[in-house]
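This briefing is intended to be read alongside the sequence and the three-dimensional model shown below. The points are grouped by topic.

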Amino acid sequence: MPRPPAGGPTRRARRDFFHAEDPAGPFLDGPNRAGPDTIRSTAPRAGLPPDPEPPPRPPDRDARPALRLRRRAARPVSIRVLGCSGAIAAGCRTTAFLVDERVLIDAGTGVGDLTLDELARIDHICISHSHLDHVLSIALLADAVLRQRLAAGRGSITVHALPATLQALRTHVFNGVIWPDFTRLPSPEAPALRLQPFEIGEVLSLAGRTIEVLPAAHTVPAVGFAVRGRRGHWVFTGDTGPNPALWQRLREIDVADLVIEAAFGDDERALAAISGHHCPATLIPELADLPPGITVHITHIKPGDEAAVLRELAAAWGDAAPRPLVAGQTMALD
Ligand SMILES: [Zn+2]
Ligand SMILES: [Zn+2]
């Protein structure tokens with residue numbers, strides 16, 4: 001029997017990541033707000049790049065309280081689960097996570113639970129892949145917040161994704177037929193959306209948070225994301241089947257929480273295989289190699305398959321089986 005994943009708090013020492021406080025509150029910035037706080041780099045083969053060196057401590061006494069104040073103000077990363085189902089039904093919302101207030105990871109139907117003010121604060125959307133259950137709220141969000149962001153002098157929302165994903169959005173969503181082309185509206189110079197490509201392995205710095213782009217194995221080009229927190233990374237696999245490249249990378253970074261998908265029960269293993277998803281039979285062997293001290297959460301279960309997936313995971317691990325995510329819960333990486 002594979003070793004169960006730990007569900008409780010981590011026991012091993014973790015790197016104490018320094019985090020800058022999210023520098024801007026909502027609606028404080030000019031129309032180019034999405035640009036300057038976007039910093040990109042590429043992850044090295046082993047481990048993430050070190051955080052920037054803090055400024056040298058000033059010799060005069062008067063400056064020291066200010067430095068201590070800045071460090072106290074740093075707050076944990078907040079991950080709010082807006083949607084974590086593999087399809088819709090009453091009470092089931094598709095994939096979306098809100099990082100603090102200004103960064104959205106995937107834009108499934110769960111985005112619709114945010115208030116208009118909350119929607120209008122989102123400056124960055126990181127998209128795992130082009131499937132509709134992960135992108136449809138980009139289009140609806142752009143329309144919903146356009147007037148409020150214009151009135152506030154807020155800039156474009158930046159959509160970050162693989163080039164193939166962005167091309168799919170241009171061709172199939174923002175084409176003037178399915179939806180207006182918000183990459184050129186209300187004007188080409190200041191559109192509602194800007195599309196920004198990334199590559200697997202790239203490390204994004206968005207709104208003061210650090211997010212690495214991870215590999216995924218799906219039916220279309222796809223990625224996952226690792227959000228860096230002070231006690232380790234919050235990792236979201238995206239839609240994926242068995243994926244050795246992901247596990248290679250996860251062995252190199254400090255993982256605190258792993259959000260991994262299991263879309264189907266084992267009776268639909270063939271469907272899971274051809275659709276690039278996990279079922280418990282393929283997920284259990286991958287989790288068996290997980291280092292200790294990582295909290296595992298299951299996501300993207302198809303409505304109606306929840307009982308089968310949880311029963312099959314419990315058959316392998318009993319009470320130590322990972323729990324499913326619940327829409328509305330908030331995880332803090334402190
Ligand atoms: Zn998908
Ligand atoms: Zn999906």
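A207 lies in the loop between β8 (202-206) and β9 (209-215); helices (H or I, at least four residues) and strands (E, at least two) are DSSP runs numbered from the N terminus. The model is a predicted one: local features need pLDDT of at least 70, side-chain atom pairs count only at pLDDT 80 or more, and totals for chains, interfaces and linings use all residues. Residues are numbered from 1 along each chain as its sequence is written, while chains are lettered from A and ligands numbered from 1 in the order in which they are written.

**Backbone features in loops**

- A207 has a positive phi of about 50°, although it is not a glycine.
- With 21 other C-beta atoms within 10 Å, A207 is buried; a residue is buried if 20 or more other C-beta atoms lie within 10 Å of its own, exposed if 12 or fewer, and partly exposed in between, with C-beta atoms placed from the backbone.
- H300, which is found in the loop between β13 (295-299) and α8 (306-317), also has a positive phi, near 65°, and is a residue other than glycine.
- H300 counts as buried, having 29 C-beta neighbours inside 10 Å.
- L185 and P186 are joined by a cis peptide bond with omega of about 5°, and P186 is placed in the loop between α4 and β7.

**Overall composition**

- The protein chain comprises eight helices and 15 strands.
- Of its 334 residues, 45% count as buried.
- Among contacts in the protein chain with a separation of 6 or more, 65% are between residues 24 or more positions apart; two residues are in contact if their C-beta atoms, placed from the backbone, lie within 7 Å.

- β5 (residues 124-126) pairs with β6 in the parallel sense over three bridges, and H124 stands opposite T158; strands pair if DSSP finds at least two bridges between them.
- β6 is also joined to β7 (residues 193-197) by five bridges, and these two strands run parallel.

**Helix α4**

- The buried residues of α4 are T165, L166 and L169.
- These residues cover an arc of only 100° around the axis, which puts them on the same side of α4; the arc is that of the directions from the helix axis to the C-beta atoms.
- The buried residues of α4 pack against α3, β6 and β7.
- The face turned away from the buried side of α4 carries the exposed residues P163 and T171.

**Nonpolar core**

- In the largest nonpolar core, which has 80 residues, F97, L104, A107, I125 and F225 touch the most other members; such a core is a set of buried Ala, Val, Leu, Ile, Met, Phe, Trp, Tyr and Cys residues joined through C-beta atoms within 7 Å.
- Helix α3 gives the most to this core, with six residues.
- Leaving aside its neighbours within four places in sequence, I125 is in contact with L104, A107, I138, I157, V159 and H160.
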